[in-house]
Amino acid sequence: MKNLANSGNPRLDSEFISPCASISMSSNRADDSSTDDDAASQTTEDDPQVPEPPAPVAAAAPTAGPSITASREKPNYELRHTIRGHTMSISAVKFSPDGTLLASCGAEKMVKIWSPFTGELIRNLNGHTQGLSDIAWSSDSVYLASASDDTTIRIWEVDSGLTQKHLKGHTKWVFCLNYNTMSNLLVSGGCDGDVRIWNTATGKCMKTLHAHLDFVTAVNFNRDATLIVSCSLDGLIRIWNTSDGQCLKTLAEGHDAICQHVQFSPNSKYILSTAHDSAIRLWDYQTTRCLKTYTGHINAKYCISACFSVTGGKWIVAGSEDNKTYIWDLQTREIVQVLEGHTDVVVAVATHPFQNMLATGSIESDLTIRIWSDRPET
Amino acid sequence: MNESLISPFNITHPTTVQTSLFALASFARFDPTGRYVATARVDGTAAIWDLDTRAAVRVLDGHVKAVSNLDWSRHSRYVLTASKDWNVVVWDLASSCVPAQRCATLRFDAPVVSAAFHPRNSHIILALMSTGEAYLIDQRKAHRARIELCEQQEESDDEGAGSSTRTRSAITVARFDPSGKHIFMGTSGGYILVFNTRTKTMVARHKITGAGAIKGLEFTKTGRQLVSNSADRTLRQFTVPMYPSPTTDGAYIEQELEPTHRFNDPINRTAWHAMSYSPDGEWLAGGAADTATHKIYIWDISNEGQFANALDGGREPLLHLHWHPFKSSIASTTNQGNILIWHCPHPERWGAFAGGFEELDENVEYEEREDEFDIEDEADMIRRKMKEEEEEVDIDTIPEAAKPRDVQLHGVQAGDEDVAWADEEPDDDVQDWKMRVIMEEDWDI
């Protein structure tokens, strides 16, 4: 960071915000969804394919450190289930915090609840009138919030499948959302650039932050919910103070690095961002330093999420536009495993809260959710 | 966690009202986790407010007369409400019944003016009646008892008549110290009595010269300092002496306590309704019993008790105030029942909106470094970046500083038998329990 001698107000103009006209959003928002014959097509099958051997490693990582990498343990994820049931592009998959359920959503107006262990469909949550972009579980796994293109958010009681709260306030599509740890707050980002903070008990909007100039693609609370991180297609990552809505920090990488997913690390010391220059970065947001860069996958067009995997080794997991899922070693930044199987872009990944299990979801021509796990017991 | 991003120079006492809660309350207390505020109302109900959402999350309806006092257990799971209807009710916030169900009721034979949980065990409750009697109620199976704490009278050798005519002065305030080892009680005669909680015997009696009836007692978080409010409209701060373990023969210390500081309003001579220390004990806030304005006086204890600020909260007179357990925030209650949450505002930093900018307080001559605009070889740059990225990161251990710490309490040593006694039959008020969110259309308050 440069210490520019700008006393008073530094100018805030469009020079800092890279234009992003050429970015096409993930195609999960089919605006004119008309053919939803979903209930008929729910099938689940155990995938007959044998799991692929882990991809060769050292060659794929041009950044490999010389000494410490050789002895490191590698993950060995194998395909457990291929879940078919979605009829339109999947936008998000999320494990419940108690680990018993998997929720997924896509362009077809409903949330689907699955068993991650058997791959069976448990329930559909119906009610939204447009496609869905994101879902989030409350920390007690009782409620699930869903963000829809019908500009509303619904909070569902998952057991009964009923809408408990219908959160209205966004003026355009709601693109992302997350609960805080106490689950008394919900933060959501919309395509109008606004970030809203909701009281989940009453379903009322508490605060609107006019956060960005373009689609807000991810929002996340830190561990104690004092901070919110948001990122947008305007190319910026911003950190906000939850209690008064002040902007505390802005992170920006180069003009080509339009960020589309961001989250805090489990201890909230760092943030992990994925960007359209096919790089995933781990930032120290206190010092605005990029600590790690994970490359090797392809990500230039879609909003692809990344996640931390901390149940076994410490990995970073993300989907890719070459239809694969990549796993990096957190410390060495090497690719340690590549999961192949999807036949289209992998936009959604999720890690199980305490087992070595992954869920991945893909779009258009694939439409499956795949469950992967490491070191099977049987 | 956001402190490090907000401001390096923290002004550590609140200065402005951040929000006000329309609670119809007679007083409000923060919980030990700092997430909630409990408010008590004259109609006998109490409410728990979530400070994140600034909305009521529980309504506790269990009394037919005004709630006179309210206390939180150590990790905020239990709340007790004391009322003028002669009852003390204990509530378990972990239950998600609507309406909330009481988990215990203690009945007395006089209106209860105050009640408190033992700081280490919610099964031990101290209650004070409006008739001036204090009771220690122990609900643990092995210790089940309700004992009145009586002031020991001086032994009369020859003036037997004199001592019997001397009426026992009424107890006007009763508090546990932060460790729970001792109970401090103020009397209408201007004494502070100190009882050992375990043995229920008096260990000390302190005369506070010139104070008159004691109206309030507050401790710092460590229990090292004590401030008293009394009928002479002066707040006195004392350093709490170390008390020896109680002896069997019932001996006690008779000692006059000399205040280290006196705080009063020399001009208007206003009385004080309430006082509260900041969590670090460096500030003392006093709520003035002014009938026309809402005034909070702040004294800087670390700076010889100098008067630091008077906060003006508008026209609704103040009834009560309480400092947040770890933040620079105060909850003060107006006589209209509104809770004002005071905070210390951070100036908006517009530089935060632009990445890579830093705001400077004043212009500086910028000196370019010799190599600042040299073009570095790209390969070198990548190599250097790669080298930097070798550094190990830790993404999932929660830093020790972020966890709540136990403060070193005054007069507590390792293996203290009073502490061990209080920890017998512990309650299920564990550190990391979470209050469930209950979806409600609108709380009926």
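Trainee: What makes strand 12 of chain B count as mostly covered?
Mentor: This is a predicted model, and the label rests on a count within it. A residue is buried if 20 or more other C-beta atoms lie within 10 Å of its own. In strand 12 (residues 134-138) of chain B, 4 of the 5 residues are buried, hence the wording "mostly covered".

Trainee: How do you know that strand 11 of chain B and strand 12 of chain B pair?
Mentor: Pairing requires at least two bridges between the strands. Strand 11 (residues 121-129) of chain B is joined to strand 12 of chain B by 5 bridges, so the two strands pair. They run antiparallel, and Ala134(B) is the bridge partner of Leu128(B). Their hairpin has 4 residues between the strands, and Gly132(B) there takes a positive phi near 90°.

Trainee: What makes strand 13 of chain B a partner of strand 12 of chain B as well?
Mentor: The cut-off is again at least two bridges. Strand 12 of chain B and strand 13 (residues 145-149) of chain B run antiparallel and are joined by 5 bridges, so they pair too. Ala134(B) stands opposite Leu149(B), and the hairpin between these strands passes through 6 residues.

Trainee: Why is strand 20 of chain A called largely enclosed?
Mentor: For strand 20 (residues 270-275) of chain A, 6 of the 6 residues are buried, so the rest of the structure largely encloses the strand. Tyr270(A), Leu272(A) and Thr274(A) point one way, while Ile271(A), Ser273(A) and Ala275(A) point the other way, and all are buried.

Trainee: Which strands pair with strand 20 of chain A, and how many bridges does each pairing have?
Mentor: Strand 19 (residues 259-264) of chain A pairs with strand 20 of chain A in the antiparallel sense over 5 bridges. In that pairing, His261(A) stands opposite Thr274(A). The hairpin of these two strands has 5 residues between them, and Ser268(A) in the turn has a positive phi of about 65°. Strand 21 (residues 279-284) of chain A pairs with strand 20 of chain A over 6 bridges, also antiparallel. Here Ser273(A) stands opposite Arg281(A). This hairpin has 3 residues between the strands, with a positive phi near 55° at Ser278(A).

Trainee: Why is Arg289(A) called partly exposed?
Mentor: A residue is buried at 20 or more other C-beta atoms within 10 Å and exposed at 12 or fewer. Arg289(A) has 14, so Arg289(A) falls in between and is partly exposed. Arg289(A) is found in strand 22 (residues 289-295) of chain A. Leaving aside neighbours within four places in sequence, Arg289(A) is in contact with Trp283(A) and Asp284(A).

Trainee: How do you know that chain B touches chain A?
Mentor: Two residues are in contact if their C-beta atoms lie within 7 Å. By that test, 44 residues of chain B are in contact with 57 residues of chain A. Helix 1 of chain B gives the most to the side of chain B that touches chain A, with 3 residues. By class, that side has 21 nonpolar, 9 polar and 14 charged residues.

Technical notes: Residues numbered from 1 in each chain as written. Chains lettered and ligands numbered in written order. Predicted model: local features only at pLDDT ≥ 70, side-chain atom pairs only at ≥ 80, totals over all residues. Nonpolar A, V, L, I, M, F, W, Y, C, P; charged D, E, K, R; others polar.
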